[in-house]
Amino acid sequence: MTRTAPAETPLGDSFHVFDTTLRDGAQREGITYSLADKFAVARLLDEVGVGFIEGGWPGALPTDTEFFARAAAGELTLRHAALVAFGATRRPGTKVTEDQQVAALLASQAPVVTLVAKSDVRHIERALRTDVAEACAMVRDTVSFLVERGRRVFLDAEHFFDGFAHDPDCALRVLAAAMESGADVAVLCDTNGGQLPLALADTVGEVVARTGYRVGIHCQDDTGCAVANSVAAVQAGATHVQCTANGYGERAGNADLFAVVGNLVTKLGMPVIPTASVPELSRVSHALAEIANLAPDTHQAYVGASAFAHKAGLHASAIKVDPLLYNHIDPEVVGNDMRVLVTEMAGQASLELKGRELGVDLAGQPAVLTSAVRRVKELESRGWSFEAADASLELLLRRELEESSVDSPPFTLESYRVILDHRLDGVIVSEATVKVHVAGTRVIATAEGNGPVHALDAALRQALSPYLPWLADVRLSDYKVRILADRPGTDAVTRVLVESTDREHEWTTVGVHGNIVEASWLALCDALAHKAMRVEAASVSR
Ligand SMILES: CC(=O)SCCNC(=O)CCNC(=O)[C@H](O)C(C)(C)COP(=O)(O)OP(=O)(O)OC[C@H]1O[C@@H](n2cnc3c(N)ncnc32)[C@H](O)[C@@H]1OP(=O)(O)O
Ligand SMILES: CC(=O)C(=O)O
């Protein structure tokens with residue numbers, strides 16, 4: 001059997017980060033982990049150095065039974081974490097030795113077992129249909145049975161906070177039944193997730209003071225307070241905290257591992273995971289979202305892509321002096337990055353910082369900055385959006401600087417024409433003709449496409465390719481359209497975002513116009529102008 005305590009974590013066994021992504025996280029609507037997913041999740045969690053990984057409920061779910069069997073057969077080697085099996089106590093009125101589910105916990109060979117037990121008298125009487133004495137006997141029998149067979153046991157006291165408020169004696173009797181039978185941690189669960197931090201911390205403090213037990217915390221997020229409740233519980237004396245990656249879990253979710261660990265490490269100075277793992281938090285959070293087949297939450301505390309993204313001009317002006325003036329921590333501590341967003345809320349400092357990020361030096365250029373801010377605000381008020389179109393913003397800044405690389409575009413347009421042909425057979429064909437001037441030559445080209453923008457792109461490529469060899473590498477990788485119809489006092493306009501790639505880089509440009517084809521054309525032209533600018537910069541530096 002493998003180890004029953006975390007290895008190589010600075011606080012050792014004295015503080016537990018207990019992850020239940022593979023059990024409670026899998027209870028989230030929309031998540032189904034395959035066996036391969038479960039191994040991948042466990043390995044990533046082990047990489048960030050959690051102390052315990054609850055792998056599922058063997059005996060209840062066939063995938064979980066298989067997961068533990070394969071782990072026991074050597075398919076899962078954990079460097080930091082101990083593997084935990086989850087399950088219930090014996091059923092009321094049965095013998096523990098005859099309970100198939102308890103037998104499955106033992107058969108899983110997991111060195112640690114979490115047993116869930118009801119600690120609210122209303123649940124004992126109405127859901128289990130038994131009395132408190134039998135509920136305590138179920139806990140006592142099952143804990144003793146597993147401890148005698150060498151397992152380390154944690155007790156998840158379900159509905160503890162509601163139960164304690166209603167009948168503290170019953171709730172404490174259930175804890176005593178477990179702890180006096182050899183359980184290691186009495187985990188107080190806010191199963192319905194209805195608690196708020198101050199009251200929850202009072203209860204945790206009272207239980208610790210009255211019993212002297214090692215107490216853990218498990219918080220659901222139904223009040224949006226799971227992270228706050230978990231941290232408050234730790235401050236009140238809990239030394240075992242249960243959480244899930246990105247807060248996945250039943251209903252509104254669970255306490256987010258990354259926020260809980262982020263808070264404990266950076267706010268309370270508790271090295272609850274290995275120091276070297278802290279900068280891995282952002283990467284692992286995103287990888288776990290991929291495995292769950294969910295988009296990472298860009299606004300997630302600590303690890304979200306927007307967690308350190310600043311839009312307001314006033315923020316940027318202070319960040320220019322010292323980034324920590326507007327960041328609660330250095331984002332690199334948790335492997336994240338700071339970003340400055342340029343929108344209509346930008347001021348000169350935002351543009352100067354963004355310019356720095358894009359390699360455009362605007363320091364000591366107050367006139368250029370004033371004019372660029374005015375231009376950005378004016379364009380944004382007409383529907384442009386530079387937040388997601390760094391390449392168009394870079395062109396705008398360089399145009400304001402009157403840099404030669406953008407002053408002489410690779411081609412100029414004389415005219416374009418797009419025809420949409422709806423044939424009798426129902427087929428719709430788009431045809432575009434462009435007349436451009438490139439390398440001192442007037443070129444006319446016509447091409448068909450499955451839509452007007454496709455046809456335009458094809459005609460432009462046909463016209464320019466003989467003169468711009470780099471065009472062969474450039475392709476349109478994404479195209480997004482948004483109709484901006486609800487702007488007071490203006491006609492509806494279309495905003496087009498074009499993402500381009502040349503296999504090495506990706507860049508996004510924006511175009512806005514009342515006509516969708518013209519909006520697309522503007523974004524397309526910026527995309528090529530941006531590539532041409534890079535090509536020229538590369539040839540100059542050679
Ligand atoms: C708070 C939590 O999130 S705990 C985790 C909950 N997770 C899950 O339920 C997911 C996995 N569950 C399952 O696969 C199934 O529910 C099983 C295999 C556990 C049980 O399935 P079934 O035998 O068909 O029972 P069913 O799900 O209808 O009801 C649960 C039974 O467990 C009993 N039970 C509930 N909690 C406990 C407990 N802590 N200890 C012992 N028995 C319990 C219930 O009283 C009920 O008994 P009954 O069948 O006599 O009415
Ligand atoms: C154990 C558990 O998941 C809960 O009480 O919410």
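Reader: How many bridges join β12 to strand β13?
Author: In this predicted model, local features need pLDDT of at least 70, side-chain atom pairs count only at pLDDT 80 or more, and totals for chains, interfaces and linings use all residues. Residues are numbered from 1 along each chain as its sequence is written, while chains are lettered from A and ligands numbered from 1 in the order in which they are written. Strands are DSSP runs of E with at least two residues, and helices are runs of H or I with at least four, both numbered from the N terminus; two strands pair if DSSP finds at least two bridges between them. β12 and β13 (residues 441-449) run antiparallel, and the bridges that join them number nine.

Reader: Which residue is the bridge partner of His437 in β13, and which residue takes a positive phi in the hairpin of β12 and β13?
Author: His437 has its bridge partner in β13, and that partner is Arg442. The hairpin has two residues between the strands, and the residue with a positive phi, near 50°, is Ala439.

Reader: Is Leu401 buried or exposed, or partly exposed?
Author: Leu401 lies in the loop between α15 (390-400) and α16 (404-407). A residue is buried if 20 or more other C-beta atoms, placed from the backbone, lie within 10 Å of its own, exposed if 12 or fewer, and partly exposed in between. Because Leu401 has 18 C-beta neighbours inside 10 Å, it counts as partly exposed.

Reader: How far apart in space are Leu401 and Leu362, C-alpha to C-alpha?
Author: The two residues are 39 residues apart in sequence. In space, C-alpha to C-alpha, Leu401 and Leu362 are separated by 8.4 Å.
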